[in-house]
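Morning, everyone. Please look at the model on the screen, and I will talk you through its contacts and its charged pairs.

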Amino acid sequence: MSITDLRQPLALDPELPATPPPRRPRHGSVPRSARTTTIIVGVALTVGAAITALPFFWMVFSSVKPRSESVAYPPALLPREPTFEFYVQLFQELDFGRYVLNTLAIVLISMIGLLLMAMAGYGFAKFTFRGREPLFFLVLITMMIPVQVTMIPTYLILNGMKLTNTLIGIALPTLVSGFSIFLFRQFMSTIPTEILEAARIDGASEMRIFLRIVLPMSRPIMAVQIVLTFIAGWNSFLWPLILANDERLYTLSVGVSLLNQQIATNPSLQMAAATLMVVPILIVFVIFQRSVVQGFALSGLK
Amino acid sequence: MRTRSAPYLLIAPAMLLLIAFGVLPIMVAVVVSLTDMNLAGLGDWSRIEFIGVANYTQLFADPAFWQALWNTGIFAILGVPAVVVLSLIVALLLNRSQNRFFRALRSFYFLPAITAIVAISLVWGYLYNTQFGLFNYLLSLIGIPPVQWLSDPVMVKFSLVLVAVWRGTGLNIIIFLAALQSVPKEYLEAASLDGAGSMRTTVSVVIPLLRFAIFFVTITTIIAWLQFFDEPFVLTKGGPLGASTSVSLFLYQTGFSSSQFGYAAAGSVVLFVIIAVVTVIQLRGRKADVDY
């Protein structure tokens, strides 16, 4: 049976007021078997969620275990004598304060990229101009090109521009992405053109229209992109690793990856560093989770 | 800013950056791959020589490159179906109810996707540890002898895939959930009027409607696995004896550890061609599919 056949009974509804069709079960009167299934599904999902979250719990609890407990066998989830000495050590002996500042600087620079991408998305969504189609096609193409393919030539280009060992150089390769421009364009196509026209007739400049009308109307997509940009900037690993030779330019992820050499010696210190990197992201995500999910729905992925 | 020039001024900054770091590098890679550029050539361009396709002939005779290609293939074969099937199942289950509890559960499944892979790899390395790791302890409870998670050449592939699958499902679950929201309610109501159970509805109505999302997730997942890098970089450095070296890691090692830029650029071009071919084949297959 095809889907169009299935629609038939609903289409007949208004014509048959005397014999109402069987009602869809309402919330309060869900058949017992369906409710049992939902409970079973809920339990299965809870178990799956617990397994998924296990490494996070293990990480957080291990970060406050004294060294003797972190290498004890058999391992225990909860620390018996919790200590914060490894967090202190990260900041006092290992310069993680500087890494945090560098990482925040990368995040801030990438927010500028966000504004550029919003402008481009608006340009593609609301203007017709020569070369629009091929240029937008170019945007889509870049989504397909993996960073590992461009890694070496991009390094050579940045080296030629004397931008290795600078925060700007680290942020540049990922400053704009085809995917974000695509998301902005999808969303901004839905802004009514009449509003823009009315503003033009009132004599508003194009920049003013963008800043005062388009950006405020794009708040939902902007929220998503800010969250995603924050997460990407905070986690950025490959470019800082390649471009920063100077330890003073290391980001958190590079600092954390260096700790891997101590794998056998000090798991607690590693877990403290990992927690420092992961927990801020978890907080940001839990707060903005809903808008991130909506953003994917908005992007036209249906 | 006049209206006529406005669109160009709006798109110019982003487009210039996109071209400089998205398109130009491909051309640079092709040119550099035909030279013997190395650390000496990086400082002084006059020391770079054009050597034709020598890098490519050397590359295809290099057992380390073939091993990296082979490993990447195995990673993709193990990882892609696991990620797609697992995230589809979890998304369908999560979509069963819209109540608070189910919504709260979603976050748990998304979290691995957004956390820093470097930090996460350390955590998994700790769990995999053969002396005091949790996994071997759990296995010992059910009488299984300790497993060499990261030092056995066969096991290491499964261990890395497990980390990447754990991490890779979250984003795809979001995409599937977004797609599920757009399934028209009338179809589901109609199916339930016809007496179809939830299993039947899912298989006959919902999954066919998700065709585009499944296609999208599959294609992006394959591309992601061809780029597999962070997990082997942090957890194994490609070892033991290259058993977990992916193509991307091979490129990184030849390019940045031994500074053979020309040689690594040739590898980049080969990886690019592979990804382009896979993408085109899939798009072809998609065209043959019915429209949605």
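Now the ground rules. This is a predicted model, where local features need pLDDT of at least 70, side-chain atom pairs count only at pLDDT 80 or more, and totals for chains, interfaces and linings use all residues. Residues are numbered from 1 along each chain as its sequence is written, chains are lettered from A and ligands numbered from 1 in the order in which they are written, and side-chain values use heavy atoms, with hydrogens and water left out.

Start with E197(A). Its relative accessible area is 38%, so E197(A) is partly exposed. Its side chain meets that of R200(A) in a salt bridge, 3.3 Å from N to O. A salt bridge here is a side-chain nitrogen of Lys or Arg within 4 Å of a carboxyl oxygen of Asp or Glu. Helices are DSSP runs of H or I, at least four residues, numbered from the N terminus. E206(A) joins in too: E197(A), R200(A) and E206(A) are linked in a network of salt bridges.

Next pair. D95(A) bridges to R98(A), with the closest N and O atoms 3.4 Å apart. D95(A) is partly exposed at 32%, and R98(A) is partly exposed at 35%. Then R248(A) and D246(A) form a salt bridge at 3.0 Å, N to O. D246(A) is partly exposed, at 26%. Over all chains, the search finds five salt bridges.

How many salt bridges cross between chain B and chain A? Zero, by this rule. Yet the two chains do touch: 98 residues from chain B and 99 residues from chain A take part. Contact means heavy atoms within 4.5 Å. Together they bury about 9,200 Å², 80% of it on carbon and sulfur atoms. Buried area is the accessible area (1.4 Å probe) that two parts lose on being put together, summed over both. In chain B, L10(B), F21(B) and Y126(B) lose the most area to chain A, together 8% of what that side buries. Helix α1 (residues 6-32) of chain B gives the largest share of that side, 22 residues.

That is the tour. Thanks.

Key:
Helix = DSSP H or I, 4+ residues; strand = E, 2+ residues; numbered from the N terminus. Buried < 20%, exposed > 50% of the residue type's maximum accessible area, 1.4 Å probe, protein only.
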